[in-house]
Amino acid sequence: MPVSGPPAIEVRGAVRRYGPVVALDGVDLNVDAAATGLLGRNGAGKSTLMKAILGLVRLDQGAVRVLGADTAREGDHVRRRIGYAPEHECLPPELTAADLVRHLAELRGLSRADAIRRASEVLFAVGLEEERSRVIGSFSLGMRQRVKLAQTLVHAPELVILDEPTNGLDPAQRSEMLEVIRRVSRDLGVRILISSHILDDIRRTCDHVVVMRAGRVTLDRPLAARAGEDDSMLIETVTDSAPLLALLAGRGLQVEAAGDLRLRARITGPADRAAIRDAAAESGAGLRRLHPDGPSIEDELLEAIG
Amino acid sequence: MSARIHDVRYRPFGGELQGSTPRAVTSMGRWSALRALGARRPWTAKVVPVVLALIALGPAVTVLGVKSLIGGDFAEQLPTDLVPYAFYYTLIGFAIWAYAAIVIPETICPDRRSRVLDLYLSTAMSPLEYVLGKIVASLVPLLAVTTLPLAVLYVGNVFFATDPFGYIGDNLREIPAILGGGILIAFVYTLMGLAVASLTSRRAFASVGFILLLVISGLGAGALAEVADLGPNARMVNLQALPVWVAQIMIGGEQIDGGDGPFAAANRPDLVPLLIANAVVIVVCTGVLWLRYRRRGT
């Protein structure tokens, strides 16, 4: 489903201090991808930024606009248009999943009939249809995280904010949760902002990543490789690379020596990769490794996280 | 070319969100009141509120039962005010306190304990809407023990009167007084109960704290009036009786005898100090609630 409408989040010069600690230090940010990851170590400023986006903390300087509305002046309006799942446990154990989601739907303005229908729909969408009549106290942590996700969706928000949605989950639960989150943004057309300190969670669920360190944005980029970014490849060979260099040059590839057993080639598509493979076989050079020349996205993210 | 059908049984919500303060307040009030009264919970959670409500109704049912059993001429000879309305609170004071102590913490403590309060305040509603919803959730059930019994007694008295319309005409001013008095008692105890319960996430602590507040204020009032010899007006600090005294005056006038015990007329301060004391209690409790819920948070 396509994502449309105004930019989900615009942050301009956001500064927030807690005494001597600067939690946000001049953050500028535009969030408009289907799924955006907010990555950073604990204490990097992610939670404060999320609270600022929700209008729950007052900024010392700067402004945040969510779905076109100023969170400082129209906080209630903004909060009703978005869904939010806090990191910590926040579900009443004595209620059933269906009752809780329905209750929150009514509080957010749905009629009783709509609330019942929507609660059923969103619990199905997160894979809790069978368990919707069980009390939340009997749920596993993974199921409770899904209930938290379901309640964010029940009033059909334009933006959903998830704070550390895989916290405390075992590997299997985590994998399932990430799949559900990905489906929400991809199939249900809901824009998502996910906060996490786990790189893999962001890579598996998001199209765009924002990295924070010490209250600043240190990286803001799409997760897919940009055009031209990964087109310079390093070819490492087992034996002398000169015959391979000659063969590749003869086939029109831009290639140069980068050491005794290394070549640097410019790749423009899958056909070039196939040509390298074939030329290596013909020359008998033996391919040891073929990898992007320069830092990978992971390298870049890890450096930005610090 | 192949096609895939994704059945996610999910449609973007096409209806209109009816976001408004009254709606959020009534929705929160309804859910919380039902939960406090034991709806969708084990039967053990339902027993105590039901039993206390029955206890509060007991005197009214007894009086009306006696009238119906005796019947005929004997019933004519029974005084219609077998149990005067204003005196009724003396009979059920304990039930009102116990009901408030048990039901009110149930509306508010679990939210703080399970931290669902964060969820409410970060997306669904404002702190003011939340507190108003909890006031509704506490006040409406409390009316079952402060207003309903007297209303039942009044209707029964009308029913058993030889001249029902004459009875209504003679006792017309009791109708707003019974309603107003019951609402006042429920409102003051609701704010007191919520203020105490807002200080803890544990229902038991809140219940005990509310009862202790009543007991200690009653003892303190007695000490001030008797030991320090400051007179009846010193009993303004008696939180057990403050709203009940006002309700008794509303229903029966200042000459009404509240019987022995906490509501005795001899112990009752004058009306103006009583009203001021009730207003102070309301302001203080509102202030406590404001302090406890002024911040949205996660």
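Two strands pair if DSSP finds at least two bridges between them.

Before we start, a word on the model. It is predicted, so to speak of local features we need pLDDT of at least 70, side-chain atom pairs count only at pLDDT 80 or more, and totals for chains, interfaces and linings use all residues. Residues are numbered from 1 along each chain as its sequence is written, chains are lettered from A in the order in which they are written, and side-chain values use heavy atoms, with hydrogens and water left out.

Chain A, then. Strand β1, residues 9-18, runs antiparallel to strand β4, residues 61-66, and five bridges join them. Glu10(A) stands opposite Arg65(A) in β4(A). Step back to the sheet. It is open, with four strands in the order β2-β1-β4-β5 of chain A, paired antiparallel. Why do β2 and β5 of chain A each have one side without a neighbour in the sheet? They stand at the edges, each with a single partner strand.

α1 of chain A, residues 46-54, lies across β1, β2 and β4 of chain A. Its angle to β2(A) is about 60°. Angles run from 0 to 180 degrees between N-to-C directions, with axes as lines fitted to C-alpha atoms, for helices over the stretch in contact. Contact means heavy atoms within 4.5 Å.

On to the interface. 36 residues of chain B are in contact with 44 residues of chain A. How many salt bridges are there between chain B and chain A? Four. A salt bridge puts a side-chain nitrogen of Lys or Arg within 4 Å of a carboxyl oxygen of Asp or Glu. One salt bridge joins Glu94(A) to Arg35(B), with the closest N and O atoms 3.3 Å apart. On chain B, α1 (21-36), α4 (85-114) and α5 (116-124) each supply at least two residues of the side that touches chain A. The largest share, eight residues, comes from α5(B).

Last, two residues of chain B. Thr147(B) sits in the loop between α6 (127-146) and α7 (148-160). Thr147(B) is buried, at 8% relative accessibility. Leu224(B) lies in helix α10, residues 203-227. Leu224(B) is partly exposed, at 33%. The cut-offs: buried is under 20% relative accessible area, exposed is over 50%, partly exposed is in between, with a 1.4 Å probe and protein chains only.
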